[in-house]
Amino acid sequence: MNENVLIVDDEKALGTDLAAALSSAGNVTRHRTNVPEARQAWSEEKADLCLVDILMPGPSGKVFCREISEHSDASNIMMSSLGDHETAIALLDIGADDCIVKPFSMSEMMARVRAVLRRRTSRSAPQAASSIEIGDLAFDLQLRRLSKPEGLTIPLSSASTISLRDRGSSKLLRVASRRLPG
């Protein structure tokens, strides 16, 4: 996974267990036991994902979740000992990406972390180009065809398309020079 994860929970044993599981999956983790400490950690280095307990001494985790959601694109998974639907809905409405009820299994938490990070990665991934243009040649990736401005168009097989995508523009020029006249 290799993400930066901030854990905010006043239960030190749970924080330690979460940090160990996330670290073993390749993530960088920090554990803080209250919201003021979490704010300080956040100001020093932003996180990709925050795992936040809602019930802690001092400001609640809901406050921190709202702050993070309003000022960054970091993902939030809220942890709560309250298992009612109203709490989950309220947490999702203030910016949580997911909620989990305590006590939970570490395997369930890790699955939720993977899912949230997968969505985060797909949100931030650059969109693939639908066409490639080299000189006066255009390769339409969706329609799988080469064309020139004069109106010459040659459909390509799926195998040709895959080959072109994998090998880049130099292969496109070689294919184009053999298939398109002029």
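Two strands count as paired if DSSP finds at least two bridges between them. Helices (H or I, at least four residues) and strands (E, at least two) are DSSP runs, numbered from the N terminus. Everything below comes from a predicted model, where local features need pLDDT of at least 70 and side-chain atom pairs count only at pLDDT 80 or more, while totals for chains, interfaces and linings use all residues. Residues are numbered from 1 along each chain as its sequence is written, and side-chain values use heavy atoms, with hydrogens and water left out.

**View 1. The open sheet of five strands.** Here the strands pair in parallel, in the order E2-E1-E3-E4-E5. At the edges sit E2 (28-32) and E5 (98-101), each pairing on one side only. From one strand to the next, the twist averages 15°. (Axes are lines fitted to C-alpha atoms, for helices over the stretch in contact, and angles run from 0 to 180 degrees between N-to-C directions.)

**View 2. E3 next to E4.** Strand E4 (residues 75-80) runs parallel to E3, and five bridges join the two. Helix H4 (residues 85-93) lies across E4 and E5, and runs at about 150° to E5.

**View 3. Helix H1, end to end and around.** Leu14, Gly15, Leu18, Ala19, Ala21 and Leu22 are the buried residues of H1. They share one side of H1 because they cover an arc of only 165° around the axis, the arc being that of the directions from the helix axis to the C-beta atoms. Lys12, Ala13 and Ser24 are exposed on the other side. (Buried means under 20% relative accessible area, exposed over 50%, partly exposed in between, with a 1.4 Å probe and protein chains only.) Just after H1, Gly26 takes a positive phi of about 95°.

**View 4. Helix H2 and its cover.** In H2 (residues 35-44), the buried residues are Val35, Ala38, Ala41 and Trp42. Their arc around the axis is only 115°, so they fall on the same side of H2. E1, E2, E3 and H3 are among the elements that cover them.

**View 5. Leu55 in its loop.** This residue lies in the loop between E3 (49-53) and H3 (61-71). Leu55 is partly exposed, at a relative accessible area of 45%. Leaving out residues up to four places away in sequence, Leu55 touches Asp10, Ser81 and Leu82. The C-alpha atoms of Leu55 and Met79 are 8.7 Å apart, although 24 residues separate them along the chain.

**View 6. The hairpin of E6 and E7.** Strands E6 (residues 131-134) and E7 (residues 137-140) pair in the antiparallel sense over four bridges. One of the pairs to pick out is Ile132 with its bridge partner Phe139 in E7. Two residues lie between the strands of this hairpin, where Gly135 takes a positive phi near 60°.

Definitions and conventions:
Contact = heavy atoms within 4.5 Å.
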